[in-house]
Amino acid sequence: MIVNFFLDNRIGGPHVYSKYIEENINEKFFDITCGKSNFSKYHLIDLKKKIRYLFIFEVIINIFEIIKIKEIKKSSTFFVYSIYNIAPILAGIILKKKILWFLVEDINFFSIIIFKIINFFYKIKIICINNDIARKLKIKNYKVHLPNIDTIFWSRKKTISKPNKKITISLVGNINKTKNYKQFLNFFENIQGPIKINIIGEILKNQLNYYNNLKNLKIFLKRKLVKIVFHGRKNEKFIKKILNETDIYFLPSISEGTSISLIQAM
């Protein structure tokens, strides 16, 4: 049995990777998220969501929470997503489990310190989303796992003929500060349309203030013939339809490992 540990309870890139792995490995999986989620039976506490400085206390509490779960004893492997997902790494070391640590995000000074300390005391098998992460962390022994993209489904079979001169721009990703939508929309303050901007992504409960700021920009930019449409969370068929009507795809994120939505757009 393999236990998947996700730092985020929202369905995103790591969960897409996990689904592909589960479909291609003859093992039983069960998922544990940090924060309540519809797709996982168990969840750990998420203190950092309220106050980020409680992160260290969250880690300590979650180590004990993991050890208490009965199914953990039956498992052979901990598959841990994210360099900041420390609790399952430390719990796995205590329980003497095989650990696969999948590094899926860009690296900063804080994440380097976390990794160096843990890796100094215990050598863990590392999987990276790209070679650049391994280079920054100076990892010699690692594997790279790229996102699985269905190139037949995502291929553009024909070019859409457009009768007017309106430019259509699309962005895909949950609405949060990391995706950097606000700065992106600020660029259009000095641009006159007609332009249509599609934003496809879930409106997150813990980022409502950020979303409201974007709505204010939407009202302002409407006067400049810049139309913004928030589509919410959509499936692959809907995203493909929008991309086929798109002139320019943007990924304004502050931080990305390898964006699945970017590869699909390409």
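The model is predicted: local features need pLDDT of at least 70, side-chain atom pairs count only at pLDDT 80 or more, and totals for chains, interfaces and linings use all residues. Residues are numbered from 1 along each chain as its sequence is written, and side-chain values use heavy atoms, without hydrogens or water.

**Exercise 1.** Classify the aromatic pair formed by Trp101 and Phe115, and state whether Trp101 is buried or exposed.

*Solution.* Rings of Phe, Tyr and Trp (its six-membered ring) pair if their centres lie within 6.5 Å; planes under 30 degrees apart are stacked, over 60 edge-to-face, and the rest tilted. This rule gives 14 aromatic pairs. For Trp101 and Phe115, the centres are 5.6 Å apart and the planes make an angle of 35°, so the pair is tilted. Trp101 belongs to strand 5 (residues 98–103) and Phe115 to helix 5 (residues 109–121), so that the pair links distant parts of the chain, 14 residues apart; helices (H or I, at least four residues) and strands (E, at least two) are DSSP runs, numbered from the N terminus. Buried means under 20% relative accessible area, exposed over 50%, and partly exposed in between (1.4 Å probe, protein chains only). Trp101 is buried because its relative accessibility is 1%; Phe115 is likewise buried, at 1%.

**Exercise 2.** Describe the lining of the largest cavity.

*Solution.* On a 1 Å grid over the protein atoms alone, a cavity is a set of points where a 1.4 Å probe fits but cannot get out; lining residues have an atom within 4 Å of a point. The largest cavity has a volume of about 60 Å³, a volume being the space filled by probe spheres set on the points, which are joined across faces, edges and corners. Its lining comprises 14 residues, with Leu7, Cys34, Asn62, Asn85 and Ala87 nearest the centre. Strand 1 (2–6), strand 2 (29–34), helix 2 (55–68) and helix 4 (86–95) each give two or more residues to this lining.

Technical notes:
On a 1 Å grid over the protein atoms alone, a cavity is a set of points where a 1.4 Å probe fits but cannot get out, and a pocket is an open set with protein on both sides within 12 Å along at least five of seven lines; lining residues have an atom within 4 Å of a point.
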